[in-house]
Amino acid sequence: MAAITPRVLFTEKQEAKRLGFSQRTLQAWRLKGGGPPYFKVGNGGIRYDPNLSDAWLDGCLRTNTSQGEAA
């Protein structure tokens, strides 16, 4: 039987620090869209999977200004 690896989820504060953004920025992205994906757990508990956030950040990579907006 294979071992189960627990999924690591970060709080808003932890993820903001890890990504180098403010908590307010993450909150605004959740409200308006355009930020990293998140989980809403229970009664409003927000959690981020760092792997999903990193994939989102990779999608923001641009080499010039004519490439348009990131997702």
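How many salt bridges does a search of the whole structure find? The search finds four. The model examined here is predicted.

The protein contains three helices and two strands. Read from the N terminus, the order of elements is α-α-β-β-α. The radius of gyration is 14 Å, whereas a compact globule of 71 residues would have a value near 11 Å. Along the principal axes, the C-alpha atoms fill a box of roughly 50 × 30 × 20 Å. Of the 71 residues, 18% count as buried. Among contacts with a separation of 6 or more, 40% come from residues 24 or more positions apart.

Charged side chains comprise 10 positive and 6 negative groups. The centres of these two sets lie 8 Å apart. Side chains of opposite charge can pair when their charged atoms come close. Several such pairs are present in the model, as detailed below.

One of the salt bridges joins Arg 7 and Asp 49, with the closest N and O atoms 2.8 Å apart. Arg 7 lies in the segment before helix H1 (12-19), and Asp 49 sits in the loop between strand E2 (45-47) and helix H3 (50-59), so the pair ties together parts that are 42 residues apart in sequence. Arg 7 counts as exposed because its relative accessibility is 54%, over the 50% cut-off. Asp 49 counts as buried because its relative accessibility is 5%, under the 20% cut-off.

Glu 15 is buried, with a relative accessible area of 0%. Arg 18 is partly exposed, at 33%.

Arg 18 also forms a salt bridge with Asp 54, again at 2.9 Å from N to O. This pair links distant parts of the chain, with Arg 18 in helix H1 and Asp 54 in helix H3, 36 residues apart. Asp 54 is partly exposed, with a relative accessible area of 31%.

Conventions: Residues numbered from 1 in each chain as written. Predicted model: local features only at pLDDT ≥ 70, side-chain atom pairs only at ≥ 80, totals over all residues. Heavy atoms only, no water. Helix = DSSP H or I, 4+ residues; strand = E, 2+ residues; numbered from the N terminus. Rg over C-alpha atoms; globule rule 2.2 N^0.38 Å. Buried < 20%, exposed > 50% of the residue type's maximum accessible area, 1.4 Å probe, protein only. Contact = heavy atoms within 4.5 Å. Lys, Arg positive; Asp, Glu negative; His and termini not counted. Charge placed at Lys NZ, Arg CZ, Asp CG, Glu CD. Salt bridge = Lys/Arg side-chain N within 4 Å of Asp/Glu carboxyl O.
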